[in-house]
Amino acid sequence: MRIGIYSGSFDPIHTGHAMVANYCAQWGGVDEVWLMVSRLNPLKEGSHPIEDLHRLHMVKLVAEMCRNVKASDFELGLPQPSYTYVTLCRLREQYPEHEFVLIVGSDNWANFGRWRDAHKIIRDFGLLIYPRPGYEIPEEPPAGVEVLPNGPTSRVSSTFIREAVALDRNINFFVPTVVAEYIKEHNLYSLTPK
């Protein structure tokens, strides 16, 4: 099977993430999408996501609602810091029957040259670029890079969700209902103790 790896801190996972995973799993030329929860993005210094367990659980809630989408804790078990190329190589070692391709938003494509072993990721695994508003998609991508230009887009971000919850705002429609309920039940991102 060809597996699309969509990795992120998902702090929290939101409607935009769910749209990307669902679209790629059905129209992205892959058999499955694995939503892979990562501990910490090495390029996002100073960020401290909530506990892995909570982020993984929210990802599982979303994956259950999408066809051919699975939640993965694979990267959480790797030594830190976790670099994408290493993760992809480990996946290939553990699942030699699968072919892996990395899914990134066009916002990440804008910074992709800063990623460790960026050229090796493209050379050895390939890249699917998903559009995000305000970020250009290459008209003639390099070899090994595919562009998915017609996917629906959203400007929702995890930062927006965290700030909205901290301000006690209603986050309906910005995150799937099951995620909003989980955030409320576990008092995540709130500035007020339960």
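**Close-up views of a predicted model**

**View 1. Helix α2 and its cover.** The buried residues of α2 are covered by elements that include α1, β2, β3 and α7. The model shown here and in the other views is predicted. Helix α2 has twelve residues, and the distance from its first C-alpha to its last is 16 Å, close to the 16 Å expected at 1.5 Å a residue. Which residues of α2 are buried? They are H54, R55, L56, M58, V59, L61, V62 and A63. An α-helix has 3.6 residues a turn, so residues three or four places apart point the same way.

**View 2. The largest nonpolar core.** This core has 40 residues, and V33, L35, M58 and I183 are those with the most contacts inside it. At least two core residues come from each of α1 (15-27), β2 (32-37), α2 (52-63), β4 (99-105), β5 (127-130), α6 (158-166) and α7 (177-185). Another core, of 22 residues, lies apart from the largest one; I3, F74, F100 and I122 are among its members. In soluble globular proteins, nonpolar side chains tend to be buried together.

**View 3. The surroundings of L35.** Which residues does L35 touch, if those up to four places away in sequence are not counted? The list is Y6, F10, I13, A21, V59, V62, A63, V69, K70, A71 and S72.

**View 4. The loop between β1 and α1.** P12 is in the loop between β1 (2-8) and α1, and a cis peptide bond joins D11 to P12, with omega about 0 degrees. H14 is placed in this loop as well. Is H14 buried or exposed? H14 is buried, because its relative accessible area is 4% and buried means under 20%. Leaving aside neighbours within four places in sequence, H14 is in contact with V156, S157, S158, I161, F174, V175 and P176.

**View 5. The loop between β3 and α3.** P81 is found in the loop between β3 (69-72) and α3 (84-94). The peptide bond that joins Q80 and P81 is cis, with omega about -5 degrees.

**View 6. The segment after α7.** N187 is found in this segment, and its phi is positive, near 55 degrees, although N187 is a residue other than glycine. Y189 lies in the segment after α7 too; Y189 is not a glycine either, and its phi is positive at about 70 degrees. N187 is partly exposed, with a relative accessible area of 25%. Y189 has 13% relative accessibility and so counts as buried.

**View 7. Aromatic rings.** How many aromatic pairs does a search of the whole structure find? The search finds eleven. W34, F74, Y95 and F100 are linked by ring pairs into a cluster. F74 and F100 are also among the residues of the 22-residue core. Elsewhere, the charged end of R116 sits over the ring of Y83, 4.0 Å from the ring centre.

**View 8. Cysteines C24 and C66.** A search of the whole structure finds zero disulfides. C24 is in no disulfide, and the nearest cysteine sulfur, that of C66, is 11 Å away. C24 is buried, with a relative accessible area of 0%. C66, at 13% relative accessibility, also counts as buried.

Notes:
Residues are numbered from 1 along each chain as its sequence is written. This is a predicted model: local features need pLDDT of at least 70, side-chain atom pairs count only at pLDDT 80 or more; totals for chains, interfaces and linings use all residues. Side-chain values use heavy atoms; hydrogens and water are left out. A nonpolar core is a set of buried Ala, Val, Leu, Ile, Met, Phe, Trp, Tyr and Cys residues joined through side-chain atoms within 4.5 Å. Buried means under 20% relative accessible area, exposed over 50%, partly exposed in between (1.4 Å probe, protein chains only). Helices (H or I, at least four residues) and strands (E, at least two) are DSSP runs, numbered from the N terminus. Contact means heavy atoms within 4.5 Å. The expected span of a helix is 1.5 Å times one less than its number of residues. Rings of Phe, Tyr and Trp (its six-membered ring) pair if their centres lie within 6.5 Å; planes under 30 degrees apart count as stacked, over 60 as edge-to-face and the rest as tilted. A charge sits over a ring if NZ of Lys or CZ of Arg is within 6 Å of the ring centre and within 35 degrees of the ring normal. A disulfide is a pair of cysteine sulfur atoms within 2.5 Å.
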